[in-house]
Amino acid sequence: MNTINKLIEAASFAAQRHTGHHRKGDKKEPYINHPLEVANLLANVGGVDDIDVLIAGILHDTVEDVGVKKEEIIERFGNRVAGFVMEVTDDKSLPKEERKRLQVEHAPYLSIEAKQVKLADKISNIADITDSPPADWDLDRRRQYINWGEAVVAGLRGSNEALERRFDEVAEKAKERLGRDQK
């Protein structure tokens with residue numbers, strides 16, 4: 001299978017698995033928009049052309065959010081893709097605060113490829129909570145998310161300068177906007 005076919009298969013797989021899911025924000029966008037945005041950020045901001053990293057970007061939430069098994073990713077997309085996906089997957093059996101703490105703690109030890117996926121994910125998530133926040137997220141919770149995202153990204157630095165710059169721009173814009181929203 002050529003790389004374009006493999007990428008399209010991953011997008012189709014993720015779309016099927018995320019069917020019926022929506023982002024938490026006010027816009028209630030189809031969830032598949034998020035992993036596609038992550039892959040787009042990787043390719044078109046970060047300059048990533050490693051097909052396995054792009055596929056991992058598309059599949060990054062399938063294990064933790066829709067119950068895809070690592071073995072299924074290995075079978076369909078290979079060990080390398082599965083490895084990157086598993087590196088960025090939270091253990092949902094742990095309490096939320098513990099998962100967040102572990103993301104900060106583990107970020108410096110991820111592979112360069114997984115760091116790039118995580119960076120693109122944080123860019124997308126912070127842009128979403130700025131532009132289309134969940135209805136039940138007040139300004140304080142949104143600010144806390146940005147601060148936590150910055151703590152995670154501190155451990156990802158050195159993996160992709162362009163993605164890091166974009167993260168900084170998005171985080172700064174979010175802080176400015178949330179500061180204005182408080183007044």
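Trainee: What should I know before I start?

Mentor: This is a predicted model, where local features need pLDDT of at least 70, side-chain atom pairs count only at pLDDT 80 or more, and totals for chains, interfaces and linings use all residues. Residues are numbered from 1 along each chain as its sequence is written, and side-chain values use heavy atoms, with hydrogens and water left out.

Trainee: How many helices and strands are there in the chain?

Mentor: Helices (H or I, at least four residues) and strands (E, at least two) are DSSP runs, numbered from the N terminus. Here you get 10 helices and 0 strands, so the pattern along the sequence reads α-α-α-α-α-α-α-α-α-α.

Trainee: And what does the radius of gyration say about the chain?

Mentor: That radius is taken over C-alpha atoms, and the globule rule is 2.2 Å times the number of residues to the power 0.38. For 183 residues a compact globule would come out near 16 Å, and the chain has 16 Å, which agrees. The C-alpha trace spans about 55 × 35 × 30 Å along its principal axes.

Trainee: What percentage of the residues is buried?

Mentor: Buried means under 20% relative accessible area, exposed means over 50%, and partly exposed is in between (1.4 Å probe, protein chains only). Buried residues make up 47% of the 183 in this chain. As for contacts (heavy atoms within 4.5 Å), take those between residues at least 6 apart in sequence: 69% of them join residues at least 24 apart.

Trainee: How do I read a nonpolar core?

Mentor: In soluble globular proteins, nonpolar side chains tend to be buried together. A nonpolar core here is a set of buried Ala, Val, Leu, Ile, Met, Phe, Trp, Tyr and Cys residues joined through side-chain atoms within 4.5 Å. The largest one has 49 residues, of which Leu42, Leu59, Ile73 and Phe77 touch the most other members. Two or more residues come from each of α1 (3-17), α2 (33-44), α3 (51-59), α5 (70-77), α6 (79-87), α8, α9 and α10. The biggest giver is α8, with 8 residues.

Trainee: Which residues is phenylalanine 77 in contact with?

Mentor: Leaving aside neighbours within four places in sequence, Phe77 contacts Lys6, Glu9, Ala10, Phe13, Ile55 and Leu59.

Trainee: Which residues of α7 are buried?

Mentor: Arg99, Leu102 and Gln103 are the buried ones in α7. Seen down the helix axis, they fall within an arc of 105°, so they line one face of α7; the arc is that of the directions from the axis to the C-beta atoms. Among the things covering these buried residues are α8 (112-131) and α9 (139-154).

Trainee: How far from arginine 99 is the nearest side chain of opposite charge?

Mentor: Start with the rules: Lys and Arg count as positive and Asp and Glu as negative, while His and the chain ends are not counted. A salt bridge is a side-chain nitrogen of Lys or Arg within 4 Å of a carboxyl oxygen of Asp or Glu. Arg99 sits in α7 (residues 96-106). Arg99 is buried yet has no salt bridge, and the nearest opposite charge, aspartate 90, is 4.3 Å away. Beyond neighbours within four places in sequence, Arg99 is in contact with Asp90, Asp91, Lys92 and Leu94.

Trainee: How many salt bridges does the rule give?

Mentor: The count comes to 16. Arginine 101 and glutamate 98 make one of them, at 2.8 Å, N to O. Both lie in α7, 3 residues apart, about one turn of the helix. Arg101 is partly exposed at 40% relative accessible area, and Glu98 is partly exposed at 28%.

Trainee: Where do glutamate 150 and lysine 175 lie?

Mentor: Their side chains meet in a salt bridge (2.8 Å, N to O). Glu150 lies in α9 and Lys175 in α10 (residues 161-182), so the pair ties together parts 25 residues apart in sequence. Glu150 is partly exposed at 25%, and so is Lys175 at 35%.

Trainee: What about glutamate 169 and arginine 166?

Mentor: That salt bridge has an N to O distance of 3.7 Å. The two residues are 3 apart in α10, about one helical turn. Glu169 is partly exposed at 49%, as is Arg166 at 31%. Elsewhere, salt bridges that share partners join Lys6, Asp50, Asp52, Arg80 and Glu113 into one network.
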